[in-house]
Amino acid sequence: MRKIALLVTSGILSAFFASSCSNNNKESQCPCKEKKECAVNSEGKCGGCAEHKDHQQPSDSLPLDEKKAQYMRMAIDLSIKSVNEGGGPFGAVVVKDGEVVAASANRVTINNDPTAHAEVMTIRNACQKLGTFDLSGCELYTSCEPCPMCLSAMYWAHISKYYYANDQFDAAKIGFDDAFIYEELDKPIENRTLKRVQMLRDEALEAFKQWASKGDKTEY
Ligand SMILES: [Zn+2]
């Protein structure tokens, strides 16, 4: 009888935690920004959107290494889910001051966007969420070692540090070989596959002249 009462009580509690959140119907704290309704984690806090439990914030009480492992597991979960949803097998998470700011899977084939790598998508989401183009102080967790484009995006965004799980050799084994880009960059420009032609430099310099003399510009 006592056992049954306990089961009923725990059932009521879990139903409460699963359904109630003061943040419901407002902007979700879930970094995916795709779902508006929040789930509530086992501590009764808003834990991200109901559809993306992998976006839930790790508990504050966890040791740092375990929190980092959870951030990476969010990225890995996104990468696995992405395979089943038609995207590439990559996921990334941006963290600031111990809080997940943004998370995304690769969306190249879904968005028809060759630049929609998980890291780039997550940087874009994080910048929108924080209202800035400067992610100084943010750390990025990616399920795979970043390609040259994503690495460059991280430099431009001033990401402070990144963590990766799969490496570029693991990626190459399943057909994602970005070594050729590194090889291209090492070649003299005239020997690269991507040919280039300079033209109309004098006309294009006008924008640079105006920028150089502008007093109230936002530098980055
Ligand atoms: Zn990339």
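## A hairpin at the sheet edge

Val95 of strand E3 (residues 91-96) has Val100 in strand E4 standing opposite it, where helices (H or I, at least four residues) and strands (E, at least two) are DSSP runs numbered from the N terminus. The structure is a predicted model, in which local features need pLDDT of at least 70 and side-chain atom pairs count only at pLDDT 80 or more, whereas totals for chains, interfaces and linings use all residues. Residues are numbered from 1 along each chain as its sequence is written.

E3 and E4 pair in the antiparallel sense over six bridges, two strands being taken as paired if DSSP finds at least two bridges between them. The hairpin that E3 and E4 form has two residues between the strands, and Asp97 there takes a positive phi near 50 degrees, a value that belongs to a residue other than glycine. Asp97 counts as exposed because 8 C-beta neighbours lie inside 10 Å; by the definition used here, a residue is buried if 20 or more other C-beta atoms lie within 10 Å of its own, exposed if 12 or fewer, and partly exposed in between, with C-beta atoms placed from the backbone.

## The four-stranded sheet

An open sheet of four strands has the order E4-E3-E5-E6, and its pairing is mixed. Strand E4 (99-105) and E6 stand at the edges with a single partner strand each, so one side of each is left without a neighbour in the sheet. On average, and with direction ignored, neighbouring strands of this sheet are turned by 15 degrees against each other; such angles are taken between axes, which are lines fitted to C-alpha atoms (for helices over the stretch in contact), and run from 0 to 180 degrees between N-to-C directions.

E3 and E5 run antiparallel and are joined by five bridges. Along this pairing, Ala92 stands opposite Thr142 in E5, Val94 stands opposite Leu140, and the bridge partner of Val95 in E5 is Glu139, so that Val95, which also stands opposite Val100 in E4, can be followed into both neighbouring strands by the definition of pairing through bridges.

## Helices H4 and H5

Helix H4 (residues 118-130) packs with helix H5 (residues 148-157) at an angle of about 20 degrees, and their axes are 8 Å apart. That makes H4 roughly parallel to H5, since angles under 35 degrees count as roughly parallel, over 145 as roughly antiparallel, 65 to 115 as roughly perpendicular and the rest as oblique. The crossing of these helices is left-handed, meaning that the near helix is turned anticlockwise from the far one by less than a right angle, with clockwise giving a right-handed crossing.

In this contact, Glu119, Val120 and Ile123 of H4 meet Met149, Cys150, Ala153, Met154 and Ala157 of H5, residues being in contact if their C-beta atoms, placed from the backbone, lie within 7 Å. The residues of the contact divide into seven nonpolar, no polar and one charged, where Ala, Val, Leu, Ile, Met, Phe, Trp, Tyr, Cys and Pro count as nonpolar, Asp, Glu, Lys and Arg as charged, and the others, Gly among them, as polar. H4 also lies across E3, E4 and E5, running at about 140 degrees to E4.

## Two histidines in loops

His117 lies in the loop between helix H3 (108-111) and H4, and His117 is buried, with 25 other C-beta atoms within 10 Å. Not counting residues up to four places away in sequence, His117 touches Phe90, Asn106, Val108, Cys147, Met149 and Cys150; of these, Met149 and Cys150 are among the H5 residues that meet H4.

His158 is found in the loop between H5 and E6, and has a positive phi of about 65 degrees although it is not a glycine. His158 is partly exposed, with 14 other C-beta atoms within 10 Å.

## The chain as a whole

The protein chain holds eight helices and six strands, which follow the pattern α-β-β-α-β-β-α-α-β-α-β-α-α-α along the sequence. Of its 220 residues, 29% count as buried.

Note on methods:
Contact = placed C-beta atoms within 7 Å.
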